Each structure stands twice: as structure tokens, then as C-alpha cells.
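The following note was prepared for a colleague who wishes to read the structure alongside the sequence. Please keep both in view while working through the points.

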Amino acid sequence: MSKSLVDVPPMGGFSFDLCRRNDMLAKKGVNPPSFRKTGTTIVGIVFQDGVILGADTRATEGPIVCDKNCEKIHYMAPNIYCCGAGTAADTEAVTDMVSSQLQLHRYHTGRESRVITALTLLKKHLFNYQGYVSAALVLGGVDCTGPHLHTIYPHGSTDTLPFATMGSGSLAAMAIFESKYREGLNRDEGIKLVCEAICSGVFNDLGSGSNVDVCVITKRGSN
Amino acid sequence: MGLKAPHSMGTTIIGVTYNGGVVLGADSRTSTGMYIANRASDKITQLTDNVYICRSGSAANSQIVSDHVRYFLHQHTTQLGQPATVKVAANLVRLISYNNKNMLETGLIVGGWDKYEGGKIYAIPLGGTIIEQPFAIGGSGSSYLYGFFDQAWKEKMTKDEAEQLVGKAVSLAMARDGASGGVVRTVIINSDGVIRNFYPGDGLPLWHEELESHNSLLDILNASGPEPMNI
């Protein structure tokens, strides 16, 4: 490769050349160090008064559990939280970045953040990196337009659903939701259902384990 | 398991013109590899009040393309001072699809009604060609419908005939294509406005070798509890 090509990028936008180089090296048998992933089961449901998010707390590095009690439910705004599955660094970085952008937006507009704003910011960022930012998210919150729950995939596509699961344990958790979810659950029933779903992921998936974190978001507040 | 595969919409999408407007129809299944990520997705998205788009192919790409087109159409409507025509909307989709053909993988059908041309359907498959047709089909399930439409399509149908045709076609494709399923969503656009309809999976006609669905097993599991959610 001639020096001039390396010095000046040909056009604007992210350059994916090194990704091709990495793929070529992987084919030749030179593997990069394995990074810390959150095997994970993350879930969310919409209930009567708002949204409940749940997550397990195991972080894995290949076959080893590197963190037995990591926090996968990230703060985005006082009324919006986001669970993250995939590469731990990617989920942390992307949620921190969008959380800061949302705070600046709140100062700018003087209003409470909306879930759809967080959704659009996350989706645009993930699409721009074409799936290389390996973050699969369940975003939930309550704003002036009501409770919302969305899933965001690493390539940037989103779905809006009344109940959602992501991560390696998502199939086990979805089985629980499909048989037991109904509209208009109250707070206790909702928490119980979310715990059951996470436990199903914990028991049936090797990548999920340890404790269950639950976050309840309503108009009045989150805890 | 292929859960890391990009979110793609196997899909069956259809757009049909009738005497006075258009009917758009789609299934509702979005898959990541072999897992169904969303069994009740809405693949018919709004671009303007009178123009809708059916999306197939990569979920992320098609969502981003429709977001961009909606933004440009909104600006165009403001500058023009009147509702955008279906032709303009379709051409905007075509420009984005064609100019980014190396990076996008989406097949789209744009349909709507405007006061100059009435109901129109434009198909924009992979690669970014634009074709104006009286009816268009797309997605993986459309392979099973070419013969069906050759036989069943006729000019100057009424609104109800057109909607029934679309419903029947999507349900036939769902019966044979593994990547299509869920519910049938239809959108009817004419001079009076837009009507959205929704036909749940168990209400659709049964085709060759299909059995009646029974919820009896779920009833046993939930004998004392409330009904499970039915989509």
C-alpha cells in the first residue's frame, strides 16, 4: 500500500478497511484476544403502570465467568433505562454516550426525555457502524406519551413490542413470556413474571447466571 | 443458532391497485437466522399521509431508508405547499436505493394515492430499479405467488375484491414460505384516506393439508389463570 493512501482518507465516513484485515487474519488462524461479553438474558415488559426491565448479572470472557455481579441495566435518563447484551464494552460505551446526549438535549429543550429520542440516537449510531458495535439492547421507559418498550439489534434495526427478550438466554425467557404474558399486569405480577423469565434464562443457558436485577419504571419514578 | 445473524425480514409483501386506490399487504415475521425475533412486526410504514411503503430484506437497512425518505418527503411537502405525489416518493426511495446499492439489501414497494394520478404502485427491488406496475409482489414469499397473480389478478377490481385478493395471497405465501408468517396486515389508501386492517393468523383460511388450530394445550396449562395473550 503506498504511503499517500495511508495518510489521507479518501472520503468522509468511517473506514472499514481494518475490519477486512481482521477477517483475513482470522481466516489464517490468527485470532484476536477474546473480549468480555455478557452472555446474558435481558428482558422487558410493559405492564399497567409502566415498564419493567430485568437482567441476569453474569459477564463471560470466552468460557470463564469474569464478573459474577455486573450491572446490565444502564441508566439513560431518570425515566428511561436500557439493558444491554453483547460485548460489555460496546453496550457500556453506547449507553453512556447516548445518556450524555440525552442530558444535553434535556438542558437544550427544558423537557423530560422521550424514549423515542433515545431510540433514534441509538439506532443511528449502531447503523453507522454496520453491526461492528456489538450491542443488542432492550430500551424501556415512560414519558409524556406513555410507556414504551423497544429492542435494538446490532445492525440498527428496531422493534416495538409489549414484551421483549434479548441475549443468549432470550429463547428460554421468550418461552416464559409467550405462555404467561397478558396485558394489564399489575406491579407484583409483572415483577414475578420478569424474574421467572430471567431465571429460565439462568437455568437453561450457560452464558447467563448469578443474580437477577429488576428495574421498574413508572410515571412516578424508577427503582 | 444464528442469533448473531442480521435481523432480516423473510417476508411476503404485496401492493395492488384497484379502481380508486391501492391496497398494500404484508406478513409480520422478522427473523434473525432461524429464530423469529418479532412475530408481529409492522412492515408497512408511513412515508406521508397518503403514501406508504412495504419493506423487505434487511430490517435495519429498510428502516433507515424509510426514515431518510420520510425526512426528505416532509421537507419536499413543506417546500411544495401540497401533498407529495406517489411518483416523487417512489423516486426518492429509488435514488437512495440505487446510489447505495453496494451497501443496501432491501426490496421495497411504494404505494399511495394522489390527486393527479390516483392510486399507484411502484416496485423498487434490490439494485434500485423503479417499475410502475398495476400490482407488485416482493420478499422471499413472493416466489410462490407469481402464478397465483397471473391467474387471479384482473383490472378494475373493487376495494373489497382487492383486499380479499391481497389477504388470500399473503396467507398462501405464509403457508409455503418458512420465512413468512404471523398475522396479515393490510393498508387501503384512497381519496378518503387510509384504513389499516389486521387479520390474526388463526382467522385465515386453511389451505391444503393445514389443520385447524386448537388452543387446547394452552388452556390446560392455564386452567385457573387468565387467557394467554393472543396475537
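The numbered points below take up the basis of the model, a sheet in chain A, a pocket, and the aromatic pairs and helices of chain B.

1. Basis of the note. This is a predicted model, in which local features need pLDDT of at least 70 and side-chain atom pairs count only at pLDDT 80 or more, while totals for chains, interfaces and linings use all residues. Residues are numbered from 1 along each chain as its sequence is written, chains are lettered from A and ligands numbered from 1 in the order in which they are written, and side-chain values use heavy atoms, with hydrogens and water left out.

2. The sheet of chain A. Five strands of chain A make up an open sheet, in the order S11-S2-S3-S12-S13, with antiparallel pairing. Strands S11 (163–166) and S13 (221–222) of chain A each have a single partner strand and stand at the edges, so one side of each has no neighbour in the sheet. Helices (H or I, at least four residues) and strands (E, at least two) are DSSP runs numbered from the N terminus; two strands pair if DSSP finds at least two bridges between them.

3. Strand S2 of chain A and its partners. Strand S2 (residues 42–47) of chain A is joined by six bridges to the antiparallel strand S3 (residues 50–56) of chain A, and a hairpin through two residues connects S2(A) to S3(A). Within this pairing, A:Ile45 has A:Ile52 as its bridge partner, and A:Phe47 stands opposite A:Gly50. Four bridges join S2(A) to S11(A), which also run antiparallel; here A:Ile45 stands opposite A:Phe163.

4. Burial of strand S2. How many of the residues of S2(A) are buried? Six of its six residues are buried, where buried means under 20% relative accessible area, exposed over 50% and partly exposed in between (1.4 Å probe, protein chains only). In a regular strand, side chains alternate between the two faces of the sheet. In S2(A), A:Ile42, A:Gly44 and A:Val46 point one way, and A:Val43, A:Ile45 and A:Phe47 point the other way.

5. Helices across the sheet. Helix H5 (residues 170–180) of chain A lies across S2 and S11 of chain A and runs at about 165° to S11(A). Helix H6 (residues 187–204) of chain A lies across S2, S3 and strand S12 (212–218) of chain A, at about 25° to S3(A). Axes are lines fitted to C-alpha atoms, for helices over the stretch in contact, and angles run from 0 to 180 degrees between N-to-C directions; contact means heavy atoms within 4.5 Å.

6. The loop between H5 and H6. A:Glu183 is placed in the loop between H5 and H6 of chain A. Is A:Glu183 buried or exposed? With a relative accessible area of 63%, A:Glu183 is exposed. The C-alpha atoms of A:Glu183 and A:Gly62 are separated by 38 Å, the two residues being 121 residues apart along the chain.

7. The second largest pocket. The second largest pocket holds about 750 Å³ of space. Its lining has 30 residues, of which A:Lys123, A:Thr158, B:Thr45, B:Gln63 and B:Asp67 lie nearest its centre. H1(B) gives the most to this lining, with seven residues. A pocket is an open set of points on a 1 Å grid over the protein atoms alone, where a 1.4 Å probe fits, with protein on both sides within 12 Å along at least five of seven lines; lining residues have an atom within 4 Å of a point. Grid points are joined across faces, edges and corners, and the volume is the space filled by probe spheres set on the points.

8. Aromatic pairs. Over all chains, the structure holds eight aromatic pairs. One of them is the tilted pair of B:Tyr71 and B:Phe72, at 5.4 Å centre to centre and 50° between the planes. Rings of Phe, Tyr and Trp (its six-membered ring) pair if their centres lie within 6.5 Å; planes under 30 degrees apart count as stacked, over 60 as edge-to-face and the rest as tilted. B:Phe72 counts as partly exposed, at 34% relative accessibility.

9. Helix H2 of chain B. B:Leu92 is placed in helix H2 (residues 86–99) of chain B. Not counting residues up to four places away in sequence, B:Leu92 touches B:Val69, B:Phe72 and B:Leu73.
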